[in-house]
Amino acid sequence: MSLDEDTRWLEWVTKQFESIAGEDKEIDLDEFKTALKVKESFFAERFFALFDSDGSGSISLDELLKALNLLIHGSETDKLRFLFQVYDVDGSGSIDPDELKTVLKSCLSESAISLPEEKLDDLTLALFESADKDNSGSITFEELKAELETFPEVMENLTISAANWLKPPDLEENKRKTPRYLTRAYWHNNSRKLFFLCLYALLNILLFIFAMLKNAHGGPWFMLAKGCGQCLNLNCTFIIVLMLRRCLTWLRATWVVRILPLDQNILLHQIVGYATLIFSIVHTGAHVMNFACMSQHDGAFQMWEYLLTIRPGIGWVNGTASVTGVVLQVLICFMVVCSSTFVRRSGHFEVFYWSHLLYIWVWALLVVHCANFWKWFVVPGVLFLIEKLIGIAVSRMGGLYIVEVNLLPSKVTHLVIKRPPFFHFKPGDYVYINIPVIAKYEWHPFTISSAPEQQDTLWLHIRSMGQWTNRLYEYFRHPESQAMSNKRLTASLRDRHHQKRAQSTICSRTVASNKDDDVELTLYQSSGTRTDLQKPDPVTQAELGDVCLGTRELSAKLSENHRYCNIKCYVDGPFGTPTRQIFTSEHAVLIGAGIGITPFASILQSIVCRYRMRKQNCPKSPNYSWCETVKDNEMKLRKVDFIWINRDQKSFEWFVSLLTKLEMDQADVEPEGRFLEMHMYMTSALSKNDMKAIGLQMALDLLAKKEKRDSITGLRTRTQPGRPDWAKVFQKVSEEKKGKVHVFYCGSPALAKDIKAQCEQFGFNFYKENF
């Protein structure tokens, strides 16, 4: 923080103090928590005790500002001494193991990290043994300072002012630099979209002008209405074209994708929808004004008769133009309102879904309303009808069944669907699924999380965020409500057993055994229980496909959250997404936020499987292997950076088994560096610039180096606390010089804006998953 920000923060502290303090101008511990909004009791008590220099049990404004000024303007030694005093609970001048454990336990609690007691002991012991240089059984200030100096990042954070240590989360100012729309990087990254929007706007302007000139005899209001009407002919048909998913998926494999913004079809669909609303309102308003003028001049009909009856005979089908126009205006407004982000993202997706089906009535009324609309509609309408018929045929073929269900943390439902032989897809594609036992007529889109190389099953990971997804989760959470047949279950298990034995080898190369791969994966659940997954058996060539895809079964037992079933479902798709361009990139950065990992789960499995197929073994030393070059016609990738951002510890358990196998595949460091690098971020954890987290992060680092795995996830990759610093992340990516960088993102729209802005500054191409 800058000095100006520190000054503003101190002013805020002063106002908070004055508003809470009584006539005595002092605050107690509870008022201190309220003033600074410090919720964690341990650190609140320690800060209060250190700020209360006279030990009176209350803090005056002078005492508070004196302490804060010291931390803001003091040296590194001053700040470090304050940190030492926080850890020295009994004030003895040294830190013993029990005090250190108390501090680390409080840090874990505030970071929403749950570890078993023995792991907390391991963390305490790792940090204590490292800092206690003289083995005296306690840590002095000089020893703590020496230990901190071995962590450059920690020492760098000590230069951060106290405003970042105690500032409430709701007062943090996220500096989001808005995209500089006039920069060369922005125009380069958005050239196709901007060019297309310019053509779209120009076409609307030309149609508007020509229609107005053609109807100049009717007066200004009539001209305005006709101009907007002609634009509505274009927009009400073009909006169909943008949602022809099968046509767009096919076009993504052609040269057209380099010219047209096919990846922005959802955004363009929304823009055309809003343009349709505006044109329809202006069109209706102009006709109302024209009818008002006509009723005043000729007097043949009153205004309400022009609007709500067929008596004036306006229109080519029994004079119904006015009546159908009013109905159309109501339907269009209703559809746009129900399509708003507030409705779709607030757990009312069904409102959006069912209201959107009104497009059938809109098109039917438009044919009746306008004499020329059918000429615009016939070609897109026929294509739309063909797509729908193909979709119905595809979805009803094959008789698909959900054969396995896993209920994962954070209310994520993992569906395993028996994959039909004719179903072919690309990594990152999505499908629409209908499960009659959940909702007979509802179809919802979800990304395929399994790789194309996985021949027998199809994976979907569905997070409970709305009515349908919550019903799905609850349905499988209460198995007693399911009408599962024991015979079907037995048959399903038997079929899966035969498929397991008959599965063909996906990766033809043999795999050299690696001692580093013989690791024991430990997951630490939120409840504090420990589940050990013993090291895998030696991998045979028959099992290689499962290892590549991360699909080897860990248990065949039915449990509360894992069961086999045989539930009918229908799938329509697959449909392409921007992620199809990953394999044509040289350096791909995959960013998933929360459940946004699902498209990348499929992609990562496919990438690693292709990578392994290119891996060569030394004929003289089977234990040594290398990768020649993974750049070819099918996959030009030279480097992949995978970044996964999660809110809490539980969320990492969704794909930890898959990520572990990916790490095992990357156990050997290649001459040019790792082909796949993973970066994990946990946003609920205290960031490294938070003084309260310094000891915890040091302990986690030390234990990770000792055990060669992260204590939070069990992966080799160290989980980073807080949010990524995108400027530093992309600067590191840019310095690697592995070729043109393409950034692919799936997650919340708010975070997408920040990432896109940074991509524009570095000249990276940015793609956002939309469907």
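1. Two strands are taken to pair if DSSP finds at least two bridges between them. Helices (H or I, at least four residues) and strands (E, at least two) are DSSP runs, numbered from the N terminus. On these terms, strand β12 (residues 587–593) and β15 pair in the parallel sense over seven bridges. The bridge partner of His587 in β15 is Lys639.

2. The structure is a predicted model, in which local features need pLDDT of at least 70 and side-chain atom pairs count only at pLDDT 80 or more, while totals for chains, interfaces and linings use all residues. Residues are numbered from 1 along each chain as its sequence is written, and side-chain values use heavy atoms, with hydrogens and water left out.

3. An open sheet is formed by six strands in the order β17-β16-β15-β12-β18-β19, with parallel pairing. Its edge strands are β17 (719–721) and β19 (765–768), each of which pairs on one side only. From one strand to the next, the twist averages 20 degrees. Strands of a sheet pair through backbone hydrogen bonds, either parallel or antiparallel.

4. On its other pairing, strand β15 (residues 639–646) joins strand β16 (residues 676–682) in the parallel sense over seven bridges. Trp644 has Met680 in β16 as its bridge partner, and Asp641 stands opposite Glu677 in β16.

5. The burial of β15 deserves attention. Buried means under 20% relative accessible area, exposed over 50%, and partly exposed in between (1.4 Å probe, protein chains only). Eight of the eight residues of β15 are buried. In a regular strand the side chains alternate between the two faces of the sheet. Both faces of β15 are covered: Lys639, Asp641, Ile643 and Ile645 are buried on one side, and Val640, Phe642, Trp644 and Asn646 are buried on the other.

6. Two packed helices are described by the angle between their axes and the distance between the axes. Axes are lines fitted to C-alpha atoms, for helices over the stretch in contact, and angles run from 0 to 180 degrees between N-to-C directions. Angles under 35 degrees count as roughly parallel, over 145 as roughly antiparallel, 65 to 115 as roughly perpendicular and the rest as oblique.

7. In the pair α5 and α8, the axes of helix α5 (residues 76–87) and helix α8 (residues 141–149) come within 10 Å and cross at roughly 115 degrees. The two helices are therefore roughly perpendicular. Their crossing is right-handed; a crossing is so named if the near helix is turned clockwise from the far one by less than a right angle, and left-handed if anticlockwise. Contact means heavy atoms within 4.5 Å. Thr77, Leu80, Arg81, Leu83 and Phe84 in α5 meet Phe141, Leu144, Lys145 and Leu148 in α8. This contact has six nonpolar, one polar and two charged residues, where Ala, Val, Leu, Ile, Met, Phe, Trp, Tyr, Cys and Pro count as nonpolar, Asp, Glu, Lys and Arg as charged, and the others, Gly among them, as polar.

8. Helix α20 (residues 359–369) and helix α21 (residues 373–396) pack at about 150 degrees, with axes 11 Å apart, which makes α20 roughly antiparallel to α21. The crossing of α20 and α21 is left-handed. Tyr359, Trp363, Leu366 and Val367 in α20 meet Phe373, Phe377, Phe384 and Lys388 in α21. By class, these are seven nonpolar, no polar and one charged residues.

9. Helix α28 (residues 726–736) and helix α29 (residues 749–762) pack at an angle of about 40 degrees, their axes being 10 Å apart; α28 and α29 are therefore oblique to each other. α28 passes α29 in a right-handed crossing. Trp726, Ala727, Phe730, Gln731 and Ser734 in α28 meet Leu751, Ile755, Gln758, Cys759 and Phe762 in α29. The residues of this contact divide into seven nonpolar, three polar and no charged.

10. Two single residues complete the note. Ser602 lies in helix α25 (residues 598–613) and counts as buried because its relative accessibility is 0%. Not counting residues up to four places away in sequence, Ser602 touches Phe425, Pro427, Gly428, Ile448, Ser449, Ser450, Ala451 and Pro452. Ser602 and Ile448 are 154 residues apart in sequence, yet 6.7 Å apart in space, C-alpha to C-alpha. Phe422 is found in the loop between β4 (412–418) and β5 (430–434), and at 37% relative accessibility Phe422 counts as partly exposed.
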